[in-house]
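Here is a short report on a sheet and on one helix pair. Please look over the sequence and the coordinates before reading on.

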Amino acid sequence: MYPEHKKISIQRNALESNEIIAKSNKSKFELNKIFVVNLLSSPGSGKTSILEHIIPILKNKNIKACVIEGDVETDLDKKRIDALNVPSYQIITKGTCHLDAKMIDKSLLNIDLNNLDILFIENVGNLVCPTSFNLGEDFKAVVLSITEGDDKPLKYPAAFYKSEIMIINKIDLLKVLDSNIEKIKENALSINNKLKIFEVSCKTNEGVDGLADYFIKQVFIKRHR
Ligand SMILES: Nc1nc2c(ncn2[C@@H]2O[C@H](COP(=O)(O)OP(=O)(O)O)[C@@H](O)[C@H]2O)c(=O)[nH]1
Ligand SMILES: [Mg+2]
């Protein structure tokens, strides 16, 4: 067993080397003016469903999207994205609970960065580990579905503190659950008062256009920066 101070030093080294590769990823994204979103959530909140709803809207506006799928096992989500006819790349982490910058660096070898406006990275479903690893993204977007309980921003603060936007998904279920959406928002804003909040349902499409508009705006801001 490593003594505690050695473990901390190994973790620090891992994060420092991750940061160096993340910076290199970011410079590739900047060079090609690609807007990059790192999607975080627990398993099942609706990350892939949100992409399935947003990407067709972006395609209609001639915005070129690509998805990197991060999963512990299987390419099931990649198959869902492939059905949208946009490029995608699967990372299977084989047990690792998060994506890191090196995994993204490797996957970029398979992606045509010259022909891309927006890259979505669907991280491994987990509200803890992915928050420590910068991938070179423009921002993190945390998805919380209303079935998960209003206390989650307080219990997993880093995911909310480090994100630019929070997408509250499955609002169609509000009528059959006791969830308190105002409490979710209050708790999330108590962790990060700059968090931009979207309320959506991938079942009814409510809020989906507004979220897509937001991504479209970010693509244009990036393009003209
Ligand atoms: N009722 C409802 N179900 C949803 C919604 N969004 C996703 N789901 C369902 O939630 C489950 C998990 O969704 P998925 O997109 O795979 O979540 P991910 O693991 O975060 O990528 C699937 O069965 C979806 O059909 C929604 O807005 N409302
Ligand atoms: Mg998924």
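Predicted model: local features only at pLDDT ≥ 70, side-chain atom pairs only at ≥ 80, totals over all residues.

Residues are numbered from 1 along each chain as its sequence is written, while chains are lettered from A and ligands numbered from 1 in the order in which they are written.

**The sheet**

Strands (E, at least two residues) and helices (H or I, at least four) are DSSP runs, numbered from the N terminus. The open sheet has 7 strands in the order β3-β2-β4-β1-β5-β6-β7, with parallel pairing. Its edge strands, β3 (88-92) and β7 (196-199), each pair on one side only. Neighbouring strands are turned by 20° against each other on average, direction ignored. Two strands pair if DSSP finds at least two bridges between them.

| Pair | Sense | Bridges | Facing residues |
|---|---|---|---|
| β1 (residues 35-40) and β4 | parallel | 5 bridges | Leucine 39 and glutamate 122 |
| β2 (residues 65-71) and β4 | parallel | 5 bridges | Alanine 65 and isoleucine 118 |
| β2 and β3 | parallel | 5 bridges | Valine 67 and serine 88 |

**The helix pair**

Helix α2 (residues 47-60) packs on helix α8 (residues 208-223) at about 55°, with the axes 9 Å apart. Axes are lines fitted to C-alpha atoms, for helices over the stretch in contact; angles run from 0 to 180 degrees between N-to-C directions. The two helices are therefore oblique to each other. Under 35 degrees counts as roughly parallel, over 145 as roughly antiparallel, 65 to 115 as roughly perpendicular, and the rest as oblique. α2 passes α8 in a right-handed crossing, in which the near helix is turned clockwise from the far one by less than a right angle.

From α2, His53, Ile54, Ile57 and Leu58 meet Val208, Asp209, Leu211, Ala212, Phe215 and Ile216 of α8. By class, this contact has 8 nonpolar, 1 polar and 1 charged residues. Contact requires C-beta atoms, placed from the backbone, within 7 Å. Ala, Val, Leu, Ile, Met, Phe, Trp, Tyr, Cys and Pro count as nonpolar, Asp, Glu, Lys and Arg as charged, and the others, Gly among them, as polar.

Terms used: Contact = placed C-beta atoms within 7 Å.
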